[in-house]
Amino acid sequence: MRKSLLVGQGAYLPERIVTNAELAKSVDTTDDWIVQRTGIYQRHIAADGELTSDLAIAAAEKALVSAGLEASDIDLIVLATTTPDDTFPATATKVQATLGITHGAAFDVQAVCAGFVYSLAIADNFIKAGQAQRALVIGAETFTRLLDWQDRTTCVLFGDGAGAVILEATDASDANAAYGVLSTHLHSDGRFRDILFVDGGPSATKTVGQVRMNGKEVFRHAVGKLANVIDETLTTHALGVDDIDWLIPHQANRRIIDNLTAKLGLPVERVVCAIERHANTSAASVPLALAESMASGDIKSGDLVLFEAIGGGLSWGAGLVRLGRP
Ligand code: ACO
C-alpha cells in the first residue's frame, strides 16, 4: 500500500497590482463597496504576454526548491487551469518542457475554482495506484483575461496567480499513517451550470466568452456545499473542527469564508485568508494561500490542514493533509 506526502510548495504572483481605487477609475464601483461586500483590496494582473504557463513554471520552480528536489525527480504534472495558453496541447506539457522533464505524464484539469482540489485528488490517486512517484500539482490562472471589464458585478472579484505543491510517494506504514494526503472528497452537479460560466469554446463558437455569474446563488450554494464537504471529510476521520490546525478555504469572498467558518464553529485565527491581497485567483487560490502561509511561518510542516474549494459546474471538494515528511 502506498500513500502521498506533501513535501513542497511554491507560489507566484504577477508584478502588477491593481487596487480597488485604481479599478474605480474605469468601472462604476468604489473601494468601500468592494471591501464591504468581498474583503478584496487589490489583485495582481499578469503583464501583456505573460501567460498561465509562465506563472505555473515560476510557482513550480519554487515548489521544487522547497521540496529539495530536481525537476527530473518529477514524473507527473497535473495543472489545474481554466485559462490555458492554448486550446491544445495541455499547458502542463509546456511546463514539463520548460522544466526539462522528458519522462512521465503531464496534463491539465478543468474544474475551475475547484481545480486544485481535483488535481490533488488525481495526483494522490496516481501515486496510490503506483503510476507516479513524485507529482507536481499546480493551480495557475490568468483569470482576469476572462473578465468583462464593463460588468462591475464580476470584474472586481478576480486576480491572476499560481501555486504549486509536490506530492511524493511513500509506503502506507504506521510511521507514515498520520502524514500526507489523508483523504480527498470530490463532487459536481452540472444542473447549476447557468449560475456561473464562461460561454464559447472551440466546439460552440470558436471565441472565448466572459465570466457570467448569479452572485447571490453562487454565494448560497458555496456556503452550504462547502460546509457539507467539510463535514464529510471530518466524519471520514472521526475528527472535529478542533482537531484541524488550519482551514485553507478557496479565496472567493471574505463573506463566504466568514459564513462558512461561523457555521462550522471554527475560530477565525485558524482560517487562512489572503483574499484582501489576491482576490479570487480560481484554481490558484488554495495552493497560493498555502505557500504564502508556509513562507510566513504561520503554517508549519506537521500541521493538519483542510483544503476546500467550489467553482463553476458546480464542482467542489475538500482534502485533508498533514504537511511535510514524518
Ligand atoms: N460596485 C458597486 N456596486 C455594485 C457592484 C460593484 N462592483 N457590484 C454590484 N453592485 C450593486 C448592484 O448593482 C446592486 O445595486 P442595486 O441594489 O441598485 O441593484 C447592489 O450593488 C447589490 O448587489 P448584489 O448583487 O445584491 O450584491 P451582493 O451583496 O449579493 O454582493 C457579490 C455581490 C459580491 C458578487 C456576492 O453575491 C458574492 O460574493 N457572491 C459570491 C460570488 C463569488 O464569490 N464568485 C466567485 C466565483 S465562484 C467561486 O469562486 C466560489
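Ala, Val, Leu, Ile, Met, Phe, Trp, Tyr, Cys and Pro count as nonpolar, Asp, Glu, Lys and Arg as charged, and the others, Gly among them, as polar. By that scheme, the shell around the ligand divides into 11 nonpolar, seven polar and five charged residues. The model is predicted, so local features need pLDDT of at least 70 and side-chain atom pairs pLDDT 80 or more, while totals for chains, interfaces and linings use all residues. Residues are numbered from 1 along each chain as its sequence is written, and side-chain values use heavy atoms, without hydrogens and water.

**The shell around the ligand**
- Of the 23 residues around the ligand (a heavy atom within 4 Å), Thr29, Arg37, Lys216, His250 and Asn253 come nearest.
- H7 (215-236) supplies at least two residues of this shell, as do H2, H6 (152-155) and H8 (254-264); helices are DSSP runs of H or I with at least four residues, numbered from the N terminus.
- The largest share, four residues, comes from H7.

- A polar side-chain atom of Thr29 lies 2.6 Å from a nitrogen atom of the ligand.
- A polar backbone atom of Arg152 is 2.9 Å from a ligand nitrogen atom.
- For a backbone N or O atom of Gly215, the distance to a nitrogen atom of the ligand is 2.9 Å.

**Thr29**
- Thr29 lies in the loop between helix H1 (20-23) and helix H2 (31-38).
- Thr29 counts as buried because its relative accessibility is 12%, and buried means under 20% with a 1.4 Å probe and protein chains only.

How values were computed. Buried means under 20% relative accessible area, exposed over 50%, partly exposed in between (1.4 Å probe, protein chains only). A polar contact is a pair of N or O atoms within 3.5 Å; within protein, one must be able to donate a hydrogen and the other to accept it, and residues adjacent in sequence count only if both atoms are side-chain atoms.
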